[in-house]
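Open the model in your viewer and keep the selection tool at hand. This tour goes stop by stop.

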Amino acid sequence: MMSINFAMLFVANDVVGENTYLALFYIPFALGILKNFLEIFVFKDKQKVSDKQLPSGAYLYPSLDVDYLLTEVLRDRKPVAVVRNPHLFEKHELPILWLSKVRKENAVSPTHLEKILHWAVTTVTSEDALIIDGVEYLILENGFEPVFRFLVNLKDQILLKNSVLILVVDERALEEKHIFLLQREFKKIL
């Protein structure tokens, strides 16, 4: 086998030159190795979400694909939600608290952070998942600092229960410094 490669090198050397031959021979080989190397990391990332239960913790979920969140990411946990967009959660029939200024059962004003905290802490049990959809709305109504303090307090309460807290956040709606602060407290998942 070795003699065939050397023979090809000498024949190709006469036709295309040694450097060109080596480039043509080794580039596909290197690309194949790189492809396999990258697939290992992509496969492991997909496997984390699909094979294991999401560990207790606090997370940022930068997507409105609630179906994927509930069926794939949180499939082994019982979710409850504080939501601005109840229509995204209706078909999943989970307990929700609606962030709205409308007076209605299971609705709370976004300015009543203490009521939201009380509902969340009393509703979430061990191993559950709390989803907060509408962080941008809370910030709009209260300002970033009070909402950030509220979220950090809520995170601590949820972690004491060995549960999961997920913030559904469209990062495009937030200032860059606010995104950095949130990412320091909450791990980003997708």
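**Start with the whole chain.** This is a predicted model. Colour by secondary structure: the protein has seven helices and seven strands. From the N terminus on, the elements run α-α-β-α-β-β-β-α-β-α-α-β-α-β. Of the 190 residues, 36% count as buried. Now look at contacts between residues at least 6 apart in sequence: 66% of them join residues at least 24 apart.

**Select residues 135-142 and 144-160.** These are helix 5 and helix 6. Their axes lie 7 Å apart, and the packing angle is about 130°. That angle makes helix 5 oblique to helix 6. Show side chains next. Helix 5 brings Val135, Leu138, Ile139 and Asn142 to the contact. Helix 6 answers with Phe144, Pro146, Val147, Phe150 and Leu151. By class, this contact has eight nonpolar residues, one polar and no charged ones.

On the helix 6 side, pick Phe144, Phe148, Leu151, Val152 and Lys155. On the helix 7 side, pick His178, Leu181, Leu182 and Glu185. Here the classes are six nonpolar, one polar and two charged residues.

**Zoom in on Phe144 and Phe148.** Both lie in helix 6, four residues apart, about one turn of the helix. How many aromatic pairs does a search of the whole structure find? It finds one. In that pair, the ring centres of Phe144 and Phe148 are 5.4 Å apart. Their planes meet at 20°, under the 30 degrees that counts as stacked, so the pair is stacked. Are the two residues buried or exposed? Phe144 is buried, with a relative accessible area of 6%. Phe148 is buried as well, with 17%.

**Move along helix 6 to Lys155.** Display Phe186 with this lysine. The charged end of Lys155 sits over the ring of Phe186, 6.0 Å from its centre. Lys155 also belongs to the contact of helix 6 with helix 7.

**Last stop: Arg84 and Tyr137.** Select both and turn the ring face towards you. Arg84 lies over the face of Tyr137, at 4.3 Å from the ring centre.

Terms used: Residues are numbered from 1 along each chain as its sequence is written. This is a predicted model: local features need pLDDT of at least 70, side-chain atom pairs count only at pLDDT 80 or more; totals for chains, interfaces and linings use all residues. Side-chain values use heavy atoms; hydrogens and water are left out. Axes are lines fitted to C-alpha atoms, for helices over the stretch in contact, and angles run from 0 to 180 degrees between N-to-C directions. Helices (H or I, at least four residues) and strands (E, at least two) are DSSP runs, numbered from the N terminus. Angles under 35 degrees count as roughly parallel, over 145 as roughly antiparallel, 65 to 115 as roughly perpendicular and the rest as oblique. Contact means heavy atoms within 4.5 Å. Ala, Val, Leu, Ile, Met, Phe, Trp, Tyr, Cys and Pro count as nonpolar, Asp, Glu, Lys and Arg as charged, and the others, Gly among them, as polar. Rings of Phe, Tyr and Trp (its six-membered ring) pair if their centres lie within 6.5 Å; planes under 30 degrees apart count as stacked, over 60 as edge-to-face and the rest as tilted. Buried means under 20% relative accessible area, exposed over 50%, partly exposed in between (1.4 Å probe, protein chains only). A charge sits over a ring if NZ of Lys or CZ of Arg is within 6 Å of the ring centre and within 35 degrees of the ring normal.
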